[in-house]
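Have a look along with me, and then I will go through what I looked up.

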Amino acid sequence: MSHLDALRDNLITLDLRDKNWSPALAAAPGPAEVDVPLAEVSTPVFTLDLDLVAGNLTAMQRWVDDHGASLAPHGKTTMCPALWQWQLAQGSWAITVANEPQLRVARDAGIGRVVVANEYLSPVGLRWLAGELDADPDFEVTTWVDSVAGVEQMTGLLEAAGARRQLPVCVEIGHPHARAGVREHDDALTIARAVVDSPRLLLRGVAGYEGSVPGDSPQTRVDAVKVFLAAMADRFTAIAPLVETDDAILTAGGSAHFDLVAEILGPVAERTPNGRLLLRSGAYIVHDDGMYAGLTPAATRTGPELQAAAHVWARVVSAPEPHLILLDAGKRDLPYDAGLPTIQQVLTAGGLAPAPAATIVNTNDQHAYVELSEPGSLKVGDVVRLGLSHPCTMFDKWRSVLLVEGAEPRIRGAVATYF
Ligand SMILES: Cc1ncc(COP(=O)(O)O)c(C=O)c1O
């Protein structure tokens with residue numbers, strides 16, 4: 001069976017302005033009829049292996065189910081509604097977004113349940129949201145708040161907008177030197193009570209992001225994350241009796257520590273009436289060959305086995321020195337904030353071959369600098385597959401993603417991203 005079926009309704013036709021465009025793709029009778037060998041498209045291109053994505057979706061959802069949790073994948077990783085729909089079809093409970101523009105993409109895509117993992121205070125945005133919620137009783141949005149000032153502003157803005165439905169909010173818990181989120185236990189309770197007193201808001205639970213907790217080494221970071229999660233558990237225990245919605249949400253968990261989240265917060269949610277532990281991993285769907293390969297729970301503790309599904313294919317366009325070659329992909333095409341890409345394979349007439357020892361040492365806007373161990377081991381015209389690090393900065397370079405299948409990759413379609 002082709003996993004393309006999961007995306008069939010969302011396939012797009014590329015036009016000349018899209019970096020992934022090639023004549024071979026344009027020649028297909030329709031977006032659902034594409035079947036083009038990778039060698040027949042231009043470079044650079046960004047591809048997603050459908051079988052590997054399907055494997056990641058299944059492995060993660062099974063793990064989440066086994067741990068009695070729910071999953072609201074962070075949609076900002078891909079900003080690809082076609083993939084969000086696939087995640088929901090595989091059992092995700094909601095889609096998480098980071099802000100109002102992303103919420104609008106989710107709304108446009110017909111996503112029924114969205115978590116806005118942020119303080120949401122835009123007057124224009126709240127007016128728009130109030131209108132959407134009042135117009136559609138099936139549209140559900142939960143957002144976060146970390147101050148009484150925030151509660152007051154949201155209340156005033158929703159009142160001014162004439163909002164009829166109350167907006168569910170979670171109190172965001174923070175950690176010293178981490179990102180947003182109230183630091184002190186008593187302040188968290190004060191905010192929760194202010195939400196309860198608000199005629200426009202509904203208290204739904206407690207939220208936090210352990211991924212922003214700093215640490216000098218992997219071990220000190222894990223220790224700090226555990227301290228943070230224990231604090232979240234305390235805050236939730238105190239706040240849960242005040243919750244005004246049908247379920248009491250306790251939400252944390254990016255892609256690096258969701259096992260610790262389940263271990264520490266799972267029992268707390270379980271013993272709370274109508275408690276729901278909500279994980280928000282975003283990177284798991286495509287995983288990577290860099291940062292998350294080392295951070296995923298399975299790498300050092302236990303967790304689902306994930307595989308890197310996203311790659312960029314680039315061409316050697318220059319070999320100006322014996323040990324230096326240049327690729328036709330650079331910062332505009334490749335993530336570079338958490339390690340540079342690696343050269344994994346060479347696309348030859350006979351198929352894919354292992355790459356010779358070669359290291360990407362730098363990138364400019366449109367070029368990657370590669371040091372060769374053996375002069376001449378990659379030549380002008382060779383096409384290489386690049387392994388990438390950090391899913392959150394892969395997709396934003398591309399308005400579309402090419403979907404590939406098979407060991408000898410064939411392009412089967414494309415889906416759109418909206419950054
Ligand atoms: C609030 C929040 N939740 C969840 C995530 C997802 O984490 P990850 O990118 O590790 O999957 C992020 C990522 O930045 C985040 O900011």
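**Notebook: overall fold, then one leucine**

I began with contacts (heavy atoms within 4.5 Å): of those in the chain with a separation of 6 or more, 71% join residues 24 or more positions apart.

A note on my source: this is a predicted model, where local features need pLDDT of at least 70 and side-chain atom pairs count only at pLDDT 80 or more, while totals for chains, interfaces and linings use all residues. Residues are numbered from 1 along each chain as its sequence is written, and side-chain values use heavy atoms, with hydrogens and water left out.

Next I looked up secondary structure, as DSSP runs (helices H or I, at least four residues; strands E, at least two; numbered from the N terminus). The chain holds 11 helices and 19 strands. Its radius of gyration is 23 Å, close to the 22 Å from the globule rule for 419 residues, so the chain is as compact as a globular protein of that length. I took that radius over C-alpha atoms, and the rule is 2.2 Å times the number of residues to the power 0.38. The C-alpha trace spans about 70 × 50 × 35 Å along its principal axes.

I then checked burial (under 20% relative accessible area, 1.4 Å probe, protein chains only), and 54% of the 419 residues count as buried.

Last, I picked Leu38, which sits in the loop between β1 (36–37) and β2 (45–49). Is Leu38 buried or exposed? Leu38 counts as buried because its relative accessibility is 4%. Beyond its neighbours within four places in sequence, I found Leu38 in contact with residues including Thr47, Trp313 and Ile411.

Notes: Buried means under 20% relative accessible area, exposed over 50%, partly exposed in between (1.4 Å probe, protein chains only).
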